[in-house]
Amino acid sequence: MQLSVAVRALSSLSQETRLSIFRMLVTAGPDGVAAGKIAEGLNIPPSTLSFHLTHLANAELVIPQRLNRSIIYKANYDQMSKLLQFLTEDCCRGQKEICSEVFNGLKVLQKKDYDNAVSYTHLTLPTNREV
């Protein structure tokens with residue numbers, strides 16, 4: 001990942017509402033969430049939500065997809081994985097045992113979508129209950 005791409009993604013996530021939206025989409029999984037459900041779930045006015053979703057999409061962290069009259073937003077797990085790899089690739093000069101707390105907190109998940117022949121690989125962070 002290029003430094004400029006990482007900076008754009010981190011900048012986008014540095015705002016509370018956008019971070020909440022992104023976490024909601026990550027939690028939702030590859031099916032995503034309709035814009036209206038995001039607005040309802042996070043109590044965000046539609047115009048404000050649209051602004052934040054555009055910002056996240058420009059940072060390549062979310063993927064909008066039209067489904068009939070709705071727009072479904074999905075977390076871009078590939079970009080999230082690249083960002084996490086970028087942030088941790090040189091952790092402790094490659095001595096992962098030193099940074100074991102960081103790496104033990106990440107779970108690698110794989111889900112195959114055989115209907116669409118797409119493979120999703122992403123990292124998830126533990127919930128507060130798991131920490």
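**Entry 1: starting at M24**

I began with M24, which sits in helix α2. Helices here are DSSP runs of H or I with at least four residues, strands are E runs of at least two, and both are numbered from the N terminus. A note for anyone joining me: this is a predicted model, where local features need pLDDT of at least 70, side-chain atom pairs count only at pLDDT 80 or more, and totals for chains, interfaces and linings use all residues. Residues are numbered from 1 along each chain as its sequence is written, and side-chain values use heavy atoms, with hydrogens and water left out.

Is M24 buried, exposed or partly exposed? I found that M24 counts as partly exposed because its relative accessibility is 23%. For this I took buried as under 20% relative accessible area, exposed as over 50%, and partly exposed as in between, with a 1.4 Å probe and protein chains only.

Next I looked up what M24 touches, with contact meaning heavy atoms within 4.5 Å. Leaving aside neighbours within four places in sequence, M24 is in contact with K37, I38, G41 and L42. I also checked one C-alpha pair: M24 and I38 are 14 residues apart along the chain, and their C-alpha atoms are separated by 7.8 Å.

**Entry 2: the rest of α2**

I then followed the whole helix. Helix α2 covers residues 16-28, and its end C-alpha atoms are 18 Å apart. That agrees with the 18 Å its 13 residues should span at 1.5 Å a residue, the expected span being 1.5 Å times one less than the number of residues.

Which residues of α2 are buried? I listed R18, I21, F22, L25 and V26. Seen down the axis of α2, these buried residues fall within an arc of 135°, so they line one face of the helix; the arc is that of the directions from the helix axis to the C-beta atoms.

Q15 caps the N-terminal end, with a side-chain oxygen 2.8 Å from the backbone nitrogen of T17. Just after the helix, G29 takes a positive phi of about 85°.

**Entry 3: the sheet**

I turned to the strands, counting two as paired if DSSP finds at least two bridges between them. Three strands form an open sheet in the order β1-β3-β2, with antiparallel pairing. The edge strands are β1 (33-34) and β2, each pairing on one side only.

How many bridges join β1 and β3? I counted two, in the antiparallel sense, and V33 stands opposite Y73 in β3. β2 and β3 pair in the antiparallel sense over six bridges. One of the pairings I noted puts L67 with S70 in β3.

β2 and β3 also form a hairpin with two residues between them. N68 lies in that loop, between β2 (62-67) and β3 (70-75). Its phi is near 55°, a positive value in a residue other than glycine. N68 is exposed, with a relative accessible area of 70%.

N43 is in the loop between α3 (35-42) and α4 (46-58). Phi of N43 is near 55°, again positive in a residue other than glycine, and N43 is exposed at 70% relative accessible area.

Where is N76 found? I located N76 in the loop between β3 and α5 (77-88). N76 is buried, with a relative accessible area of 16%. The side chain of N76 reaches the backbone oxygen of E60 at 3.0 Å. I treated this as a polar contact: a pair of N or O atoms within 3.5 Å, where within protein one must be able to donate a hydrogen and the other to accept it, and residues adjacent in sequence count only if both atoms are side-chain atoms. Not counting residues up to four places away in sequence, N76 touches E60, L61, V62 and I63.

**Entry 4: stepping back**

Last, I looked at the whole protein. Its secondary structure comes to six helices and five strands, in the pattern α-α-β-α-α-β-β-α-α-β-β along the sequence. Of the 131 residues, 32% count as buried. Among contacts between residues at least 6 apart in sequence, 49% join residues at least 24 apart.
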